[in-house]
Structure formats: structure tokens, C-alpha cells
Amino acid sequence: FYPKQDNSVIVSVDSNSSQALSCEEHCDGSIFTLLYQYKIGGLQVEIPDGTWFDVPVTSYGLVVNSGRCLERWTNGLLKSVNHRVKFLKEERISIPFFLEACYSTPIAVLPTIVEPLKYEPIMYGQYIIESNIFKEYQRDKDKLI
């Protein structure tokens, strides 16, 4: 649940479109993300030509974003989805579910893939530690909560 934002701070502004954002563009590190949006959206995905597309809200529908871990497992056949959230002052409900592997799960290209390997095998825990590049997690890292 995101309450109505009267005096909130914009996280960033897209330099090309001047779109105010409440969550910067990023790809999830997970296997995939399920997202439920209720009545009011805000999610945008980047399509191959670099354009940002507003994901429509569908009653009882879920958005499925493939993550970077799934991209590694499939040797890049399934691409992770670059996405962001527009800054809205309206009250909205957005419920994500991130499917993650166990910390000790080996992340290696699936054995059915015969193309040259793009990714070296790694344990999921180490992968998450090394790939934590989501800007939201980097903010105020010196402050104790």
C-alpha cells in the first residue's frame, strides 16, 4: 500500500522524458517477480527500442517480470525486464512477490542449453551479494536503521 503523497520526494527524473520516478529503472535480481496492481498502476517496462511502456492495470491480473537470475539460468534466452515506477501522488496498491532461489543453490546455465556459455556458475547467495546494484538499496547505507 502506498498512501497518497502530498509532500513526498521524487526519487529521480528520467533525463530523456523528464518523467518523475518513485523507483528508478532496474532489473530484479530474482528468478521472477509477480506483481499485482490494484486500480492504479505506475509500472513502466522498457521495450527493445528504449521506449518506456505503461503496464496497464488488469482486474485480477498479474504482471510477470523475468529477473536476472532467470536470464543467467537460460544463458540469456529469457531476458530480465528493465522497469521503473512513475511518481504518482495518488494512493495505490502494488503487491510484489519475488521468487528467489535458496542461498546455497548453484546458478549455472541449464544443461539443455547448447550455446556457448555467457555466465560462469555461481552460488545464489554469492550472486545476490555481488549483483546488488539496485540504487534503492544503496541510499543512506551509512545510516543505521
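Read from the N terminus, the elements of the chain follow the order β-β-β-β-β-β-α-β-β-β-β-α-α, and in this predicted model they come to 3 helices and 10 strands.

Of the 145 residues in the chain, 37% count as buried, while the accessible surface amounts to about 9700 Å², with 59% of that area belonging to carbon and sulfur atoms. Where contacts in the chain link residues at least 6 apart in sequence, 72% of them join residues at least 24 apart.

The largest nonpolar core has 9 residues, namely Ile-31, Cys-69, Leu-70, Trp-73, Ala-101, Ile-107, Ile-122, Tyr-124 and Tyr-127. Two elements, helix H1 (68-73) and helix H2 (124-131), are the ones that give two or more residues to this core, and H1 gives the most, with 3 residues.

| Core | Number of residues | Residues, including |
|---|---|---|
| Largest nonpolar core | 9 residues | Ile-31, Trp-73, Ile-107, Tyr-127 |

Tyr-127 deserves a separate description: it is one of the residues of the largest nonpolar core, and, leaving aside residues up to four places away in sequence, Tyr-127 touches Gly-29, Arg-68, Cys-69, Arg-72 and Ile-122.

How values were computed: Residues are numbered from 1 along each chain as its sequence is written. This is a predicted model: local features need pLDDT of at least 70, side-chain atom pairs count only at pLDDT 80 or more; totals for chains, interfaces and linings use all residues. Side-chain values use heavy atoms; hydrogens and water are left out. Helices (H or I, at least four residues) and strands (E, at least two) are DSSP runs, numbered from the N terminus. Buried means under 20% relative accessible area, exposed over 50%, partly exposed in between (1.4 Å probe, protein chains only). Contact means heavy atoms within 4.5 Å. Accessible areas come from the Shrake-Rupley method with a 1.4 Å probe; for residues, only the protein chains shown count as cover. A nonpolar core is a set of buried Ala, Val, Leu, Ile, Met, Phe, Trp, Tyr and Cys residues joined through side-chain atoms within 4.5 Å.
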